[in-house]
There are 2 protein chains.
Amino acid sequence: MSVTTPIKSVSEQLITALGAQAVRTGDQITADWGHDELGTVAHRPDIVVTPKTTTEVAKVAKLASAAKMPLTTRGSGTGLVGGCVPTEGGILLDMSAMNHIIGLDEANLTVNVQAGVQLKTLADYAQDKGYLYAPDPGEKTATIGGNIATNAGGMRAVKYGVTRESVRALTVVTIEGQVLHLGGQVVKNSSGFDLKDLYIGSEGTLGIVTEAVLKVSPLPKVSTGLLIPFDDFKAALITVPKILQSGILPTAVEFFEADTVKYWEAFKKQAFPQSGAAAYLLMTLDGQQDAVVEQNYETLAELCLDNGATDAYVLDTPELKANVWKARDSFLEAIQASTTTMDEADAVVPCDQTAAFVSFTHDLAKQENVRIPGFGHVGDGNLHLYVCQDDYADDVWQKKLMTVFTALYNKSIELGGKVSGEHGIGYAKRQYLQATSDAAEIDTMQRVKQALDPNNLLNPDKIV
Amino acid sequence: MSVTTPIKSVSEQLITALGAQAVRTGDQITADWGHDELGTVAHRPDIVVTPKTTTEVAKVAKLASAAKMPLTTRGSGTGLVGGCVPTEGGILLDMSAMNHIIGLDEANLTVNVQAGVQLKTLADYAQDKGYLYAPDPGEKTATIGGNIATNAGGMRAVKYGVTRESVRALTVVTIEGQVLHLGGQVVKNSSGFDLKDLYIGSEGTLGIVTEAVLKVSPLPKVSTGLLIPFDDFKAALITVPKILQSGILPTAVEFFEADTVKYWEAFKKQAFPQSGAAAYLLMTLDGQQDAVVEQNYETLAELCLDNGATDAYVLDTPELKANVWKARDSFLEAIQASTTTMDEADAVVPCDQTAAFVSFTHDLAKQENVRIPGFGHVGDGNLHLYVCQDDYADDVWQKKLMTVFTALYNKSIELGGKVSGEHGIGYAKRQYLQATSDAAEIDTMQRVKQALDPNNLLNPDKIV
């Protein structure tokens, strides 16, 4: 990719189009614009532009096209695979100023937002109005655009599905600066190719999502948590498919082990509620009627006790429930604080294969002499595993990381799984997607990329 | 599209590849192979080939590619928009022999099927094993491949979503004869472009779906119906968004008016249960606990009575419930029997716009002096409207039909809707999709088509 028009000329055109306050160049661009949350991939952009409207994004796309300059979209930069890193320089499209909630449509149970709205802002807004925006990824400062780019999953996917299932409509800007209005206020649609779902999860490589119409639900009147300790991680994981077969659908089914709890306790300098078990399942059940939710959690608690749980704690005060879930939400930070550098595998396997997969990671950690703590949305078969550098020298670590990732992803595929459940491929996982996919599938993805971004300007070096 | 290799040579190659019993030509091809359920579009194929495996489909695709011969896929031929009609001749791929249920995976709540399995066969199989295959389109003899091709919706979409939401994985054959395995036994996936959803709803124009892994759920233990008569269709329709906002999610919310009931009574020569109202809502509620379902239907019945319903009948015996739903399932046939020829509009509008839309169709019917009876999945804003030819001469009818369709679709778009909610675009609705879509969206669809089927061999003349 060569930048054929000088950066200076493009930045001047951007200033003319969007105003000087929307454009950063040179020393105004700090190192932070060149990496994401994990920081394993880094490259600074040549220009940062901060649009406020879809029309402004279209102008930027047209200028990037004309200059054949790479154009990479960034939300809050909370990704874990380098998806928002402008690895070839060029223009970084900072979506943080497109942060307006456009409106709630109560009759159709939808909310219309700009893509730069943060998840937490949207969730709070919906809740204040009596509605639930269901997708609940751990990172609450991520933008909705970022969630859509990676098809983020999160805690409540067991019952409510991932981000994809909540997206009714998208406004997308193409690299040529055309504006697409895909989907609608409608809940069903068989009117031509499903371009909306093609853009969801495409990590800014096919187009730029600028607005979304999202589904909300009436807020559940009751929500209760269950914390279930087990003496043995396998017993915990083998119980999960039985829960899903019970006919009672929990909102969330999370899994973590003693070591993650230990890192969290060290990080927060406080005891985890009901510390001391080898492994845990953490569930939420929600509904409209107290009696129903109560009956459901009693049934599931009994089911767990029949399958090797050592106890079952009902998180029946809002404080206790909030405390345990707040702990769960900061496991990533706690693991990060326990090491020098780390990288993540976001593997997903069929729900009945999580025990085999976690068992494999334990053996692999011993064999390679690295720590691989983690936790998982095991109601979805999705595990987040953090390979920790600790005291290894950088060159040894890079080799070890590749060995461990290769082994993890190969195992995931062997068990019928995939490279990424919800964090995407970005830059960091591209080689593993390539290595574990059929050539025909990669070829088909490349054809789609070529069709929609023929000059490879949109977030180059990502996915395929 | 010119057929550059003589039909005789291709059919001989097909016989060599698949055996003589799998290939029909000449007089062996009856007129039935050239039309679908409505029969408004007709063209006979040159060759009909009936594969049994994905490998055989790949062989057919390779031969079609080499010969540059159109290749159109047909399930049971129950479509309503000419989607399976080989309008340019060539090869018709008859999927009826790919009718094996490959297996149920109870631990992961999935069932693996060949694309030619009929909906009824799958639904019965799942039910016998204690599971629900949730999508429930009215036409039970349609194939699963056909349901996937159109992203069929059906009755239970209000609670369980449309076909798309039940598809975990697809096996797709490309026009070059490559075999793609998309998605998996996993419930989440952010591993590259979402090709699976791109193929779903693409009506055989991008690839050929040969197998699918479908989601099933534990069978609800309780299922009850509610039949709610209204004096006024508007009161019925205005109640629907209130039902959806109540926090109680019905499985199905169907709507029909007195005229449709009258055609059904004439067709079946029997009285409709609780005949005589101007309009009806028909709901199903399901769940795992009797008491919960009972409390829910009582709440919804009261809500309807507070909003103008004249009564509320609980369909609390299996016979009564089955009878009413069997009636609902044969409304299409009954309307068809009431006229000479008819064509359908499958419009979808936002849920709070159905009253305005139905009101418009009443006015339009008067203004154009045609009958437009129908019914609707109004929990999804989806209305099926049948424009009846009755005594009009063919030429007058064709003009009138275009006037009526244009008015209906324009109104649907004006209200924030789409041309098709679940039946697809096929051949018959292509002009209306074109007329009501932004040029940029059509252009993007054409680029995708060009990328995946560069010689326009897969089901040509459909969608775009």
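This is a predicted model: local features need pLDDT of at least 70, side-chain atom pairs count only at pLDDT 80 or more; totals for chains, interfaces and linings use all residues.
Local features need pLDDT of at least 70, side-chain atom pairs count only at pLDDT 80 or more, and totals for chains, interfaces and linings use all residues. Residues are numbered from 1 along each chain as its sequence is written, chains are lettered from A and ligands numbered from 1 in the order in which they are written, and side-chain values use heavy atoms, with hydrogens and water left out.

Let's start with the interface between the chains. Contact (heavy atoms within 4.5 Å) links 86 residues of chain B with 86 residues of chain A. The size of an interface is often given as the accessible area lost when the parts come together. Here buried area (the accessible area, with a 1.4 Å probe, that two parts lose on being put together, summed over both) is about 6,200 Å² between chain B and chain A, and carbon and sulfur atoms give 57% of that. On the chain B side, B:K188, B:S190 and B:F193 lose the most area to chain A, together 15% of what that side buries.

One helix pair spans the two chains. Helices (H or I, at least four residues) are DSSP runs, numbered from the N terminus. Helix α16 (residues 439-452) of chain A and helix α16 (residues 439-452) of chain B have axes that come within 9 Å and cross at roughly 140 degrees. Such axes are lines fitted to C-alpha atoms over the stretch in contact, and angles run from 0 to 180 degrees between N-to-C directions. α16(A) and α16(B) are therefore oblique to each other; angles under 35 degrees count as roughly parallel, over 145 as roughly antiparallel, 65 to 115 as roughly perpendicular and the rest as oblique. The crossing of α16(A) with α16(B) is right-handed, meaning that the near helix is turned clockwise from the far one by less than a right angle. A:T444, A:R447, A:V448, A:A451 and A:L452 meet B:T444, B:R447, B:V448, B:A451 and B:L452.

Inside chain B, helix α8 (residues 233-245) and helix α10 (residues 290-306) pack at about 145 degrees, with axes 10 Å apart. This crossing of α8(B) and α10(B) is right-handed too. B:T239, B:K242 and B:I243 of α8(B) touch B:L300, B:L303 and B:C304 of α10(B).

As for domains, an automatic or database assignment sets the bounds. Chain A splits into domain 1 (7-97), domain 2 (101-218), domain 3 (222-328) and domain 4 (339-440). The centres of domain 1 and domain 4 of chain A, taken over C-alpha atoms, are 30 Å apart. Their contact takes 8 residues from domain 1 and 10 residues from domain 4. Domain 1 and domain 4 of chain A bury about 720 Å² between them, 74% of it on carbon and sulfur atoms.
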